[in-house]
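Here is a short report on how one chain is put together. Look at the sequence and the structure, then read on.

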Amino acid sequence: MQQDVAPIDLYTFVHFLYGYVAKSYGYSNKAILVGAVLYEMIEPSIIDYMRNTLKMNAWGHESKHNILWDILIAEFGAMVFDNKGKLT
């Protein structure tokens, strides 16, 4: 099975938005972190389902670096919301 080896990819922005939007709805950083980790745990099953059952051309399984970046970037999105867009 093909693996996506890039640490940051096009979907990284989606993870950022998840953190930002979840924080805007009042979710805690812990809840956002748990959600990001849980998603990364089930994502391989989602990819397999899309490829094997739905016969879709889904992306490859992610590298460990990409998984870590996706989790961290979700928290970063929450931090950006907390700081009202300021990175300082």
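## An antiparallel pair

Helices α2 and α3 run roughly antiparallel to each other. The model behind this is predicted. Helix α2 spans residues 29-52 and helix α3 spans residues 64-82. Their axes lie 9 Å apart, at an angle of about 155°. Angles over 145 degrees count as roughly antiparallel, and that is why α2 and α3 fall in this class. The crossing of these two helices is right-handed.

Which residues make the contact? From α2 come Asn-29, Ile-32, Leu-33, Ala-36, Val-37 and Glu-40. From α3 come Ile-67, Asp-70, Ile-71, Ala-74, Glu-75, Ala-78 and Asp-82. Sorted by class, the contact of α2 with α3 has eight nonpolar residues, one polar residue and four charged residues.

## The chain as a whole

The chain has three helices and two strands. In sequence order the pattern is β-α-α-β-α. There are 88 residues in the chain, and 32% of them are buried.

Contacts across the sequence can also be counted. Take those in the chain between residues at least 6 apart in sequence: 69% of them join residues at least 24 apart.

## Helix α1 against α3

Helix α1 covers residues 12-24. Its axis and that of α3 are 7 Å apart, and the two helices pack at an angle of about 40°. That angle makes α1 and α3 oblique to each other. The crossing of α1 with α3 is right-handed.

On the α1 side, the contact is made by Thr-12, His-15, Phe-16, Tyr-18, Gly-19, Tyr-20, Lys-23 and Ser-24. On the α3 side, it is made by Asn-66, Asp-70, Ile-73, Ala-74, Phe-76, Gly-77, Ala-78, Val-80, Phe-81 and Asp-82. The classes here are nine nonpolar, six polar and three charged residues.

## Helix α1 against α2

The axes of α1 and α2 come within 10 Å. They cross at roughly 145°, and the crossing is right-handed.

In this contact, α1 supplies His-15, Tyr-18, Gly-19, Ala-22 and Lys-23. Helix α2 supplies Asn-29, Ala-31, Ile-32, Gly-35, Ala-36, Tyr-39 and Glu-40. By class, the contact of α1 with α2 divides into six nonpolar, four polar and two charged residues.

## One salt bridge

How many salt bridges does the count give? The count comes to one salt bridge. The side chains of Asp-82 and Lys-23 form it, at 3.7 Å from N to O. Asp-82 belongs to helix α3 and Lys-23 to helix α1, so the pair ties together parts 59 residues apart in sequence. Side chains of opposite charge can pair when their charged atoms come close.

Are the two partners buried or exposed? Asp-82 has 39% relative accessibility and counts as partly exposed. Lys-23 has 17% and counts as buried. The cut-off for buried is under 20%.

## Lys-23 and Ala-78

Lys-23 sits in helix α1. Setting aside neighbours within four places in sequence, Lys-23 is in contact with Ser-28, Asn-29, Ile-32, Ala-78, Phe-81 and Asp-82. Lys-23 and Gly-77 are 54 residues apart in sequence, yet 8.1 Å apart in space, C-alpha to C-alpha.

Ala-78 is placed in helix α3. At 0% relative accessibility, Ala-78 counts as buried. Leaving out neighbours within four places in sequence, Ala-78 is in contact with Gly-19, Tyr-20, Lys-23, Asn-29 and Ile-32.

## A positive phi in a loop

Most residues other than glycine have a negative phi. Lys-55 has a positive phi of about 55°, although it is not a glycine. Where is Lys-55 found? Lys-55 lies in the loop between α2 and β2, the latter at 61-62. At 67% relative accessibility, Lys-55 counts as exposed.

Terms used. Residues numbered from 1 in each chain as written. Predicted model: local features only at pLDDT ≥ 70, side-chain atom pairs only at ≥ 80, totals over all residues. Heavy atoms only, no water. Axes fitted to C-alpha atoms, helices over the stretch in contact; angles between N-to-C directions. Helix = DSSP H or I, 4+ residues; strand = E, 2+ residues; numbered from the N terminus. Parallel < 35°, antiparallel > 145°, perpendicular 65-115°, else oblique. Left-handed = near helix turned anticlockwise from the far one by under 90°. Contact = heavy atoms within 4.5 Å. Nonpolar A, V, L, I, M, F, W, Y, C, P; charged D, E, K, R; others polar. Salt bridge = Lys/Arg side-chain N within 4 Å of Asp/Glu carboxyl O. Buried < 20%, exposed > 50% of the residue type's maximum accessible area, 1.4 Å probe, protein only.
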